[in-house]
Amino acid sequence: MEQYYKAQKIMSDEEWPIFWEHLKVTLPTTFRITGTRSHAVEIRDTVKNAFVPHLANISVDGVVADPPRPLPWYPDELGWHFDVSRTLLKKSPEYTKFHQFLVAETEVGNISRQEAVSMIPPLLLDVQPQHWVMDMCAAPGSKTAQIIEMVHANEQYKVVPSGLIVANDADYRRSHMLIHQTKRLQSPCLIVTNHDASLMPSLKLAPNKAGDIIPFEFDRVLADVPCSGDATLRKNPMIWTNWTHGGAMGLHHTQVNILQRGVQMLKVGGRIVYSTCSFNPMENEAVVAEILNRANGTLELVDVSNELPQLKRRPGLSDWKVFTKDGQIMEKFEDIPKDARGRFYPSMWPPSNADNLHLERCLRIYPHLQNTGGFFVAVFKKTAPFVVPNSSRSVKEKVAVQENENAMASEGEEAAAVAGDKHKLDSSAAGGQGSEPVKRARMTRAERFGAPGPKEEPFLFLDAENGDVELFSKFYGLDEDFPKDQFLVRSEGEKNKTIYFVSEAVKNILKSEDIHRLKVVNTGVRTFIRQDSNSPAQCTFRIHNEGIAMMRQFVSDARVMAVQLKEVITLLQAPYPKISEFPESIQERLTALPTGCCIFEFDPELEEDKDQPNPRWEGQGLTGFVKSKLVFPVWKAQVSFNMLLNKQERRSLAMRLGVDCVDSPHVVEGGAKGTAAKAAAAAATTTSDADVDVETSADLSADDSPMVDRYEGAPASGKEEEETA
Ligand SMILES: C[S@@+](CC[C@H](N)C(=O)[O-])C[C@H]1O[C@@H](n2cnc3c(N)ncnc32)[C@H](O)[C@@H]1O
């Protein structure tokens with residue numbers, strides 16, 4: 001590896017030793033504060049004000065650790081890093097406390113552990129809330145999460161963003177990781193798909209409300225392609241023993257094809273970001289140069305030297321070498337004997353016009369520049385429609401491509417498929433020296449991307465005049481101009497059970513006449529759930545916590561209870577508090593509420609005790625509680641109340657408020673239903689059975705099992721969703 005990269009001259013001889021030393025050292029811990037703007041700022045300020053001042057000058061065994069610091073190039077101090085040993089984390093009570101905070105916030109999705117360099121591509125994508133964005137190789141979804149946050153960045157009241165995010169991954173199982181990662185962001189603008197990105201289908205969309213047919217094209221495309229991953233050495237030390245240069249050779253072709261499809265799907269004027277976590281020019285500049293030449297002047301590399309100015313980077317290369325399997329440098333494709341060309345493409349060599357392509361505009365991030373992992377990023381702008389490549393290739397090259405067509409099914413493609421999942425990268429997958437002889441048969445799709453998922457249930461839109469839509473619209477007082485025709489269900493049962501909401505753009509895609517070509521594995525925010533209960537509620541639909549932040553903006557105040565902190569605490573600490581258990585000041589209003597689902601809203605600005613110390617930060621010198629509003633659904637039964645939150649959501653809320661909570665008895669581990677759940681509910685409550693609406697509680701038991709549970713084994717389908725609900 002050392003010889004190979006020295007020969008590639010990826011940096012000067014003077015710089016090499018420090019680069020090489022950095023590769024051997026474990027990465028610092030980095031994290032990103034996630035979520036909507038106001039919420040993220042609250043968490044950031046907690047890190048800054050409640051923890052960092054206590055972490056300065058801490059030393060263990062004579063070593064002083066630097067306190068956590070914001071990544072200088074990450075906007076608004078929402079990306080952080082710190083570099084302390086495990087010993088220090090264990091021995092310093094201050095760091096132990098900080099570590100516990102990070103773990104707890106990560107569990108509820110407020111903080112995301114993400115490698116610093118992996119945060120760069122979405123930042124350079126420059127996503128605006130109105131943009132349609134395609135994330136071609138998206139799993140496990142850390143960059144998708146960043147993109148979703150950008151589309152929702154405006155937090156405009158009563159506005160569903162017009163932006164769209166299509167998050168795709170070829171591997172069905174990994175596409176479910178995406179669902180898990182993005183679920184907490186509750187975006188009605190997201191579609192998760194499962195395709196080989198190089199074969200992403202075109203669609204003819206349904207007309208929008210203005211009657212226009214918008215083409216299935218994107219303002220922004222991210223191609224964070226499968227790669228050999230050798231720039232992740234600091235995180236994946238097994239690469240030291242498994243690395244061969246053959247891994248990159250096998251990926252080049254796939255990477256070019258994915259990037260080309262991305263450019264085709266990009267609007268003229270739009271931006272596409274290509275990225276890898278590899279140092280190898282075969283996967284980086286060679287791919288970039290090939291696509292620029294195929295685009296024949298319709299695509300250009302953007303000079304981003306003024307963007308993220310604090311980020312240290314090195315320019316892309318304009319010259320590199322291609323090695324044979326046994327380490328010989330080949331000057332040109334034609335020098336390779338015909339029968340040995342299987343794994344080579346002419347596009348792997350620097351093109352004759354390399355000096356004119358501005359490859360120096362690519363970003364090479366090396367570990368020693370700012371103590372991170374390595375990364376490669378190229379940012380393109382499409383300046384004119386892209387004509388498919390054959391015409392832009394030389395005859396010689398076309399012949400070579402023809403020759404390679406069958407051979408590419410062998411070792412190269414095999415490596416490409418396996419290295420798609422870097423965790424599986426091994427020497428045989430990389431197809432390099434010392435590897436097992438590789439199969440020459442063409443790989444099936446299942447071999448490349450894992451078993452395909454089951455056929456998805458259709459997405460069935462409900463009319464605005466549908467009886468159920470009318471029922472919950474009236475009950476919750478939905479705004480007149482709320483788009484009531486954007487609710488959907490996933491199964492044709494007698495009764496609608498789970499109702500999802502999607503944005504207009506998502507609807508136009510799902511209503512395309514050729515939607516059967518797009519394999520959608522997930523979309524929509526769970527908004528309403530049928531609630532068959534024995535209490536005489538006027539509406540059989542309750543609001544799901546997943547959709548509450550959005551729906552709160554559109555429902556009338558009649559079903560919203562403004563509450564103080566102590567009332568939230570009552571709900572957290574008593575399983576089914578009766579009206580008499582709440583403070584007297586609120587009892588009259590609680591009695592007046594009709595039975596069924598309502599929304600409780602806690603506004604810290606209106607809190608009577610807002611300046612008292614938050615018990616959560618005891619000893620950290622921080623006063624005040626949460627800074628952003630809290631909204632959550634509550635069921636009013638005949639005599640008692642019940643927060644409609646699952647165990648994790650309850651705990652997260654209690655943690656933010658700095659109080660203890662009891663786990664809601666209605667959430668039964670393993671999704672048990674019926675008698676067992678009722679028994680558990682009854683056993684957990686301190687009030688007598690007669691006082692508790694156990695039926696209601698038990699019925700709520702299983703629907704909160706997250707969709708990702710299916711990823712563990714059972715397939716996702718509307719049918720199962722219905723059974724679970
Ligand atoms: C580098 S990872 C993507 C990481 C992701 N962007 C993130 O930030 O979390 C590459 C992904 O590409 C997927 N993949 C491999 N070949 C693909 C193809 N032909 N089309 C789409 N996805 C592919 C792999 O399953 C893998 O999840």
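Colleague: Where is Ala139 found?

Modeller: Helices (H or I, at least four residues) and strands (E, at least two) are DSSP runs, numbered from the N terminus. Ala139 sits in the loop between strand S7 (132–135) and helix H7 (142–151), and Gly141 has its place in the loop between S7 and H7 too. Residues are numbered from 1 along each chain as its sequence is written. Keep in mind that this is a predicted model: local features need pLDDT of at least 70, side-chain atom pairs count only at pLDDT 80 or more, and totals for chains, interfaces and linings use all residues.

Colleague: Is Ala139 buried or exposed?

Modeller: A residue is buried if 20 or more other C-beta atoms, placed from the backbone, lie within 10 Å of its own, exposed if 12 or fewer, and partly exposed in between. Ala139 counts as buried because it has 27 C-beta neighbours inside 10 Å. Gly141 is buried as well, with 25 other C-beta atoms within 10 Å.

Colleague: Which residues does Ala139 touch, not counting those up to four places away in sequence?

Modeller: Two residues are in contact if their C-beta atoms, placed from the backbone, lie within 7 Å. On that basis Ala139 touches Asp169, Asp171, Arg174, Ser175, Met177 and Leu178. For Gly141, again leaving aside neighbours within four places, the contacts are Ala167, Met177, Leu178, Gln181 and Thr182.

Colleague: What feature does UniProt place at Ala139 and Gly141?

Modeller: UniProt positions follow the numbering used here, feature names are shortened, and annotations may be inferred rather than shown by experiment. The unreviewed UniProt entry gives "binding site" for positions including Ala139, Gly141 and Asp169.
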